[in-house]
Each structure stands twice: as C-alpha cells, then as structure tokens.
Amino acid sequence: MTMTPSLAGAGLEALNARVQYDLACLNIPPANWVPPQAMEDGQPVHDVVIIGGGQCGMVAAFALLSGGISNIRIFDRNPAGLEGPWLNYARMETLRSPKTLPGPSYGFASLTFRAWYEAQFGNPAWEALDKIPRPTWMAYLSWYRDVLKLPVENDVKVEHVTPEGDLLRLELSGAGAPSKTVLTRKLVMATGREGTGAPKIPAFVNNLPGNAWSHSADEIDFARLKDKRVVVIGVGASAVDNAAEALEHGAQEVRFLIRRPQMPTINKMMGIGSFGFTHGYATLPDEWRWQIMHYSFATQTPPPRGSTLRVSRHDNAHFHFGCGVKAMQMEGDEIVIETQQGTVRCDYLILGTGFEIDPLARTELAGYADRILLWRDCYQPPVELKNDELGNFPYVQRDFAFQEREPGTAPWLRNIHCFNYGATVSLGKVSGDIPGISEGASWLAGAIAANLYREDVERHWQRLEQYDSPELLGDEWQATPLPNATANA
C-alpha cells in the first residue's frame with residue numbers, strides 16, 4: 001500500500017486505521033508501570049480520576065495513557081455526546097479559534113480536526129471552510145473519544161472529595177455512577193471555564209424572581225422570548241451569542257447594557273501567542289504574570305466578528321455603552337432597570353457576566369476550599385494593577401496541583417490538579433483554550449508520573465532488585481586464558 005500525505009476523502013474508516021498505525025508505531029499505550037495499590041475497604045484504588053470528559057479531560061486522559069498510566073477513570077456529569085459546553089450553553093455559530101490549530105491532537109497529525117474533516121469531506125471542502133461550526137467541533141470530539149477508546153463514564157457527578165490519608169474518596173451521584181464512592185491517588189479537575197468557581201451573578205438580580213432572568217450558561221427556552229423585550233448585560237462572546245439566539249427566535253427587541261464606554265476590538269492575547277509564550281509564561285516571575293493577565297482582563301477580549309454581525313444585522317438590536325446597571329426591580333411582570341443613562345424596561349433579562357473564580361463555590365471542595373493558596377496570598381500588586389478577580393485565582397505550580405495556604409494544614413491538596421481555567425494566571429492558557437491544551441496535558445501527565453514514581457520509589461527499588469530476567473544465557477561466549485601469561489607467585 002502506498003502511503004499518501006493525506007487521507008482526504010478516504011473516509012473515517014481509513015483515518016481510524018491510520019490513527020491505530022500511528023499509535024502502534026510509537027507503542028502507545030505502553031504497559032502500565034505504576035504498582036497497584038492494595039484494596040481499601042474492599043474498593044480498588046485508582047491512580048488517577050479525571051472529572052470532566054470534554055476536550056481537556058480527554059487529552060489529559062490520552063496523555064496519561066500514552067505515559068503508561070492506565071489505572072484511571074473519567075467521569076462526566078452529562079450524557080454521552082453532550083460533554084463540555086458545545087451542545088449545552090455554548091451558542092456561537094462557529095468557534096473563534098482558527099481551524100488550523102492542532103488542539104487536543106497531542107502531536108499526532110492523524111488526530112487533528114483537519115485530518116478528521118478532510119477524511120470525510122475532502123481537501124476542497126477543507127480549503128473552503130472558514131471557521132469550525134460549533135456542532136462540527138463536538139462531532140470531532142466524539143470521534144476523538146471513540147477512536148482512542150477513552151473510558152469516559154457519563155451521567156456521573158462528583159459531589160464531594162474527602163481526604164483519607166494519602167488517598168481521596170470521591171462521592172458520586174447520577175444514573176451512571178458505578179458506586180457511591182471511589183478511591184483515587186490523584187484527582188484531575190478538567191472542569192472547563194467554570195472549573196474553579198461558578199457563574200458570576202450580580203447582586204442586582206436578587207430582587208427578581210427566578211423566572212425573570214437567566215445566566216448565559218443556563219439552559220434557556222429561547223422560543224419563550226418571541227415578541228419579548230430582552231435585555232442582555234455585558235457584551236462578551238457569550239452575551240452576544242445569547243442575544244443572537246433571542247433575536248433569531250423572534251424577540252421584539254434586544255438591548256445590551258454595557259458598562260464600558262466603547263466596544264473592545266482587539267484580542268490582545270491572540271497577538272502574543274507562540275511556542276515561547278506557551279512554555280515561557282509559566283516561568284516568569286509573579287509580577288510579570290500578573291501584569292500580563294491584568295492587561296488582558298482590563299482590555300477585555302472582544303466578541304468574534306461573526307457573532308457580532310449575527311446580532312447587528314437585526315434592526316431591533318441595540319448596543320448601549322456607558323450604561324452600567326445601578327438597580328432593578330419588578331413592576332408587575334415588567335423588569336425596571338435603573339442605569340447610568342436612565343431607565344430601561346424589559347420582559348426578560350440575560351446575564352452575559354461570565355464566570356467568577358471562587359474555589360469556595362465548588363461543592364467538590366466544600367469544607368476545605370478556604371485552605372487553597374490563592375494569588376492574593378502570594379503577591380501584592382502595585383495599586384494601579386490591583387484586581388480582586390485575579391487575586392482569587394489558585395496559585396499553582398507546573399503540575400497544576402493546588403497548594404496549601406498554610407503548610408501542613410491540608411497536605412492532600414497536592415493530589416488535586418486544577419486542569420481548568422483556574423490555572424490561567426499561574427500557567428497561561430494551557431488548560432482550557434484549544435491552542436495550548438496538548439502542551440498542558442503533557443505537563444500534567446509528566447508531573448503526575450513523576451509524583452507517582454516518587455511516592456512509590458521503594459517499590460520501584462524492590463522491582464529493580466528483584467528483576468532477574470537474563471539478557472545473556474551464558475552460551476554466548478567462552479573464556480580464553482591470556483596467552484604467555486605468567487602466573488603470580
């Protein structure tokens with residue numbers, strides 16, 4: 001068979017075979033090298049459990065399996081095919097990321113979105129493709145899971161994590177839960193954008209009934225918004241995408257209430273993305289990392305051009321800048337909003353206010369989240385760079401593991417790895433965004449492998465001493481006396 005540079009148009013069956021060939025050439029997955037742990041209370045002990053079966057959880061699992069760490073579990077709270085935000089609360093038409101990014105391919109050309117797309121639709125279709133449609137990306141991730149045979153267990157929610165000596169006990173719920181609890185040595189929280197916090201809910205909605213508003217991450221019945229006046233708070237990507245959905249479902253009008261005086265137009269972080277930034281950012285001193293992220297937060301990321309045009313093509317869409325909310329209340333069925341520019345009335349409110357970093361909001365960490373070391377505990381910026389939101393991010397090292405605020409009070413935190421948005425200030429965009437997740441997964445897997453090996457070093461020493469498989473059998477040579485040798489007296 002002649003190997004060709006591309007399998008464009010050859011179909012997924014041919015691509016699947018190429019993937020398996022590539023893996024076989026590199027001996028992936030290798031044999032498991034981690035010594036098995038003794039059962040605890042009749043339960044097996046897993047080496048790693050991953051919370052989240054989306055793109056980050058899957059590439060983390062593939063990295064671990066590629067490194068010979070196979071005693072793992074992957075739990076996702078959603079049904080199969082609905083992992084991550086893509087078919088849940090993500091409502092953009094296409095991804096922002098360029099189609100050429102390698103994403104979760106982990107260095108394998110045959111695992112890229114391009115290889116998957118070209119195999120089915122051919123090279124001309126690939127060349128004609130501009131941005132990746134959101135449902136198409138989810139279809140690619142589902143294929144990625146299947147072709148790599150990743151053991152994602154769906155409909156399983158991790159409710160709480162409790163330390164038990166050197167282990168972690170995970171309390172599970174959901175229709176797919178294999179048991180009430182499982183035990184693991186290491187836990188990876190691949191929980192995405194809200195992974196170390198929760199949706200950001202401003203206090204001004206406290207006076208509104210729950211049926212009058214939604215956060216952009218909620219499930220929203222947009223059909224109910226037909227002929228309704230809708231207000232959207234914010235103008236980030238999620239705010240714009242939700243506004244577009246409301247307009248396309250027949251909303252009478254949609255008004256954006258935006259605090260800042262003008263629309264952000266430049267995605268600053270895109271301008272410095274490089275191999276150097278990916279690997280160098282995490283090595284910078286605290287003051288540089290804070291300065292870079294502070295600048296990114298202050299300048300803000302604009303919504304994608306396509307998403308913005310999707311809204312502005314509707315004559316009944318209105319962008320109100322310098323229009324921060326002061327208060328709101330109900331008058332009958334109407335929401336009355338007091339803004340910096342006056343009063344706005346509407347029938348429904350959507351919060352495009354993003355997510356906040358707050359470990360205390362995570363039920364998995366209830367009871368000890370306040371012991372996690374945060375950036376505000378480690379670094380005090382100059383007054384002009386003060387930012388409470390940045391200060392709430394966990395302060396993690398290259399292994400993504402939480403650290404103790406007070407040494408000795410919660411040593412088990414080193415076994416919980418924050419492989420999600422919460423690691424951004426410490427390590428950059430290697431645990432959530434598509435461009436850097438393979439590099440982040442490599443760091444994570446390498447660090448976990450090193451930690452497991454160090455913890456088991458005595459057992460590895462025993463293996464070294466006990467290893468007795470001869471490479472030579474004794475018949476490969478014959479001893480020869482030295483000619484003309486004079487025996488020592």
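Helix α2 is mostly covered in this predicted model: 12 of its 12 residues are buried. The buried residues include Met-58, Val-59, Phe-62, Leu-64 and Leu-65, and Gln-55 and Ser-66 also belong to the list. The elements that cover these residues include the helices α1 (12–25), α5 (134–147) and α13 (437–455). Among the covering elements are also the strands β1 (45–51), β2 (72–75) and β3 (152–153).

After α2 comes Gly-68, which has a positive phi near 80 degrees.

**The nonpolar cores**

The largest nonpolar core has 85 residues. Which helix gives the most to this core? Helix α2 (residues 55–66) does, with nine residues. The residues with the most contacts inside the core are Tyr-144, Leu-150 and Ile-416. Leaving aside residues up to four places away in sequence, Tyr-144 touches Met-58, Val-59 and Phe-62, as well as Pro-104, Leu-111 and Leu-150. Met-58, Val-59 and Phe-62 are among the buried residues of α2. A second, separate core has 20 residues, including Leu-225, Leu-247, Ala-251 and Ile-350. As a general background, nonpolar side chains tend to be buried together in soluble globular proteins.

**Aromatic residues**

The count of aromatic pairs in the model comes to 27. In one of these pairs, the rings of Trp-375 and Tyr-379 have their centres 6.4 Å apart and their planes at 80 degrees, so the pair is edge-to-face. Trp-375 is buried, with a relative accessible area of 0%, and Tyr-379 is buried, with a value of 14%.

**Accessibility of selected residues**

The table lists the relative accessible area of several residues discussed in this report.

| Residue | Relative accessible area | Class |
|---|---|---|
| Phe-256 | 0% | buried |
| Trp-375 | 0% | buried |
| Glu-364 | 6% | buried |
| Tyr-379 | 14% | buried |
| Cys-378 | 34% | partly exposed |

**A buried strand residue and a buried loop residue**

Phe-256 lies in strand β10 (residues 253–257). Leaving aside its neighbours within four places in sequence, Phe-256 is in contact with residues that include Val-232, Gly-234, Ala-239, Val-311 and Phe-319. Two histidines, His-318 and His-320, are also among its contacts. The C-alpha atoms of Phe-256 and Val-230 are separated by 8.8 Å, although the two residues are 26 residues apart along the chain.

Is Glu-364 buried or exposed? Glu-364 is buried, with a relative accessible area of 6%. This residue lies in the loop between β16 (355–357) and α10 (375–378). The side chains of Glu-364 and Arg-362 are joined by a polar contact of 2.9 Å. Not counting residues up to four places away in sequence, Glu-364 touches Val-158, Glu-159, His-160, Val-161 and Met-189.

**A loop asparagine**

Asn-387 is found in the loop between α10 and α11 (388–391). A polar atom of the side chain of Asn-387 lies 2.9 Å from the backbone nitrogen of Glu-389. Not counting residues up to four places away in sequence, Asn-387 touches Trp-290, His-294 and Phe-297.

**Cysteines**

How many disulfides does the model contain? The count comes to zero. A disulfide is a covalent bond between the sulfur atoms of two cysteines. The sulfur of Cys-378 illustrates the result: the closest cysteine sulfur, in Cys-418, is 14 Å away, which is too far for a bond. The cut-off used for a disulfide is a sulfur pair within 2.5 Å. Cys-378 itself is partly exposed, with a relative accessible area of 34%.

**The chain as a whole**

The secondary structure of the chain comes to 14 helices and 17 strands. Along its principal axes, the C-alpha trace spans about 110 × 60 × 45 Å. Of the 489 residues of the chain, 48% count as buried. Among contacts between residues at least 6 apart in sequence, 72% join residues at least 24 apart.

Notes: Residues numbered from 1 in each chain as written. Predicted model: local features only at pLDDT ≥ 70, side-chain atom pairs only at ≥ 80, totals over all residues. Heavy atoms only, no water. Core = buried A, V, L, I, M, F, W, Y, C linked by side-chain atoms within 4.5 Å. Buried < 20%, exposed > 50% of the residue type's maximum accessible area, 1.4 Å probe, protein only. Helix = DSSP H or I, 4+ residues; strand = E, 2+ residues; numbered from the N terminus. Contact = heavy atoms within 4.5 Å. Polar contact = N/O pair within 3.5 Å; in protein donor to acceptor, adjacent residues only side chain to side chain. Phe/Tyr/Trp six-rings, centres within 6.5 Å; stacked < 30°, edge-to-face > 60°.
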